[in-house]
Amino acid sequence: MIPLSHFLFISACLFCIGLYAVLTKRNAIQVLIGIEFMINAAVLNFVAFGRFDANGGGGQMFALFAIVLAAAGVAVALAIILNVYKHFKTIDPVKTDTLKD
Amino acid sequence: MSSEQIIFYFFAAMVLISALLVVSIHNLVRSIFLFFVTLFSLAALYVFAFADFVAITQVVIYVGGVLVLMLFAFMLSNKELLSKINPVKGIIRVNHIVAILVCTLFLFILLNVIIKADFESLSWIKTADQINGKDNTVHQIGIQTMTRYLLPFEVLSVLLLMALIGAAHLARKEKKV
């Protein structure tokens with residue numbers, strides 16, 4: 001039996017790696033990957049705590065919901081990224097600094 | 001050390017190492033394919049928390065869907081990024097040091113909280129009836145979806161429809177006015 005805290009340590013590390021990607025990357029797709037890391041860290045926590053809820057199954061259910069929501073978010077975000085590329089010819093978040101001109 | 005623990009820590013190391021490589025590697029295509037490795041080994045970790053259905057969903061949705069979408073978006077948006085891989089050095093460095101500092105400090109806070117909170121000695125965790133290897137979690141999830149979590153399930157289906165329509169609307173070709 002793996003202790004609960006080890007799951008939490010892994011998810012904390014994964015969350016910080018995602019945070020680093022979001023803060024430093026100069027490409028919108030890599031920023032999106034960082035956000036996915038953070039979401040996955042949260043899902044790992046849900047699942048790790050869900051082990052202690054044999055009758056309710058709440059942790060696993062909400063892990064599933066979180067995965068589906070993340071997938072929906074990625075679909076919309078990638079469509080937006082493609083539009084940004086069409087407009088600015090780059091997807092560097094530093095250079096895309098104007099609203100509709 | 002039992003074989004269960006050895007496999008668990010192997011996959012945990014794989015998650016962390018490949019995630020670190022994803023954020024540190026310069027080649028974008030490689031980083032997206034390494035992201036695939038991270039997601040796969042993360043699914044293996046879910047199995048160790050007795051969440052086999054979540055692990056399968058992770059593989060199907062992330063590896064099958066999200067990753068292909070990302071590769072598509074990458075290839076549609078990256079003509080010039082492939083040719084010049086190393087952009088300016090000087091400005092980025094300072095930026096990176098600050099980010100590393102923020103992330104490590106945040107990591108220390110998180111680890112500190114986890115150690116201090118000491119979840120294993122909480123009363124509800126001690127008294128909880130844990131899932132053991134013999135429970136059929138897929139059966140359980142099916143029943144829960146149709147009873148206790150029916151409303152979130154329906155709301156989620158409407159949201160997925162909205163996301164589908166929204167993504168299709170955003171990605172369509174704009175008419176010249």
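Colleague: How many salt bridges does a search of the whole structure find over all chains?
Modeller: Keep in mind that this is a predicted model. Side chains of opposite charge can pair when their charged atoms come close. Searching the whole structure, over all chains, the count of salt bridges comes to two.

Colleague: Which residue meets A:Arg26 in a salt bridge, and where does that partner sit?
Modeller: The N to O distance for this pair is 3.0 Å, and the partner of A:Arg26 is A:Asp92. The two link distant parts of the chain, 66 residues apart. A:Arg26 lies in the loop between α1 (4–24) and α2 (28–50) of chain A, while A:Asp92 is in the segment after α3 (58–88) of chain A.

Colleague: Is A:Asp92 buried or exposed?
Modeller: The cut-off for buried is under 20% relative accessible area. A:Asp92 has 7% relative accessibility, so A:Asp92 counts as buried.

Colleague: Which residues are joined into one network by salt bridges that share partners?
Modeller: A:Asp92 also forms a salt bridge with A:Lys95, with the closest N and O atoms 3.9 Å apart. A:Lys95 is partly exposed, because its relative accessible area is 48%. Through shared partners, the network takes in A:Arg26, A:Asp92 and A:Lys95.

Colleague: On to the nonpolar core: which helix gives the most to the largest one?
Modeller: That core holds 73 residues, and among the members touching the most others are A:Phe37 and B:Tyr46. Helices from both chains each supply at least two residues, including α2 of chain A and α5 (90–117) of chain B. The top contributor, with 13 residues, is α3(A).

Colleague: What about the surface: which helix supplies the largest share of the nonpolar patch?
Modeller: The patch is formed by A:Leu23, B:Val94, B:Val98 and B:Val102, with about 330 Å² of accessible area together. B:Val102 is placed in helix α5 of chain B, and B:Val102 is partly exposed, with a relative accessible area of 39%. The largest share, three residues, comes from α5(B).

Colleague: Which residues gather in the patch of positive charge on the surface?
Modeller: Take B:Arg172, which sits in the segment after α8 (150–171) of chain B. Patch residues need over 30% relative accessible area; B:Arg172 has 39% relative accessibility and so counts as partly exposed. The residues gathered in this patch are A:Lys86, A:Lys89, B:Arg172 and B:Lys173.

Methods:
Residues are numbered from 1 along each chain as its sequence is written. Chains are lettered from A and ligands numbered from 1 in the order in which they are written. This is a predicted model: local features need pLDDT of at least 70, side-chain atom pairs count only at pLDDT 80 or more; totals for chains, interfaces and linings use all residues. Side-chain values use heavy atoms; hydrogens and water are left out. Patches are made of residues with over 30% relative accessible area and no salt bridge: like charges are joined within 9 Å, nonpolar side chains (Val, Leu, Ile, Met, Phe, Trp, Tyr) within 5 Å. Accessible areas come from the Shrake-Rupley method with a 1.4 Å probe; for residues, only the protein chains shown count as cover. A salt bridge is a side-chain nitrogen of Lys or Arg within 4 Å of a carboxyl oxygen of Asp or Glu. Lys and Arg count as positive and Asp and Glu as negative; His and the chain ends are not counted. The place of a charge is taken as NZ of Lys, CZ of Arg, CG of Asp or CD of Glu. Helices (H or I, at least four residues) and strands (E, at least two) are DSSP runs, numbered from the N terminus. Buried means under 20% relative accessible area, exposed over 50%, partly exposed in between (1.4 Å probe, protein chains only). A nonpolar core is a set of buried Ala, Val, Leu, Ile, Met, Phe, Trp, Tyr and Cys residues joined through side-chain atoms within 4.5 Å.
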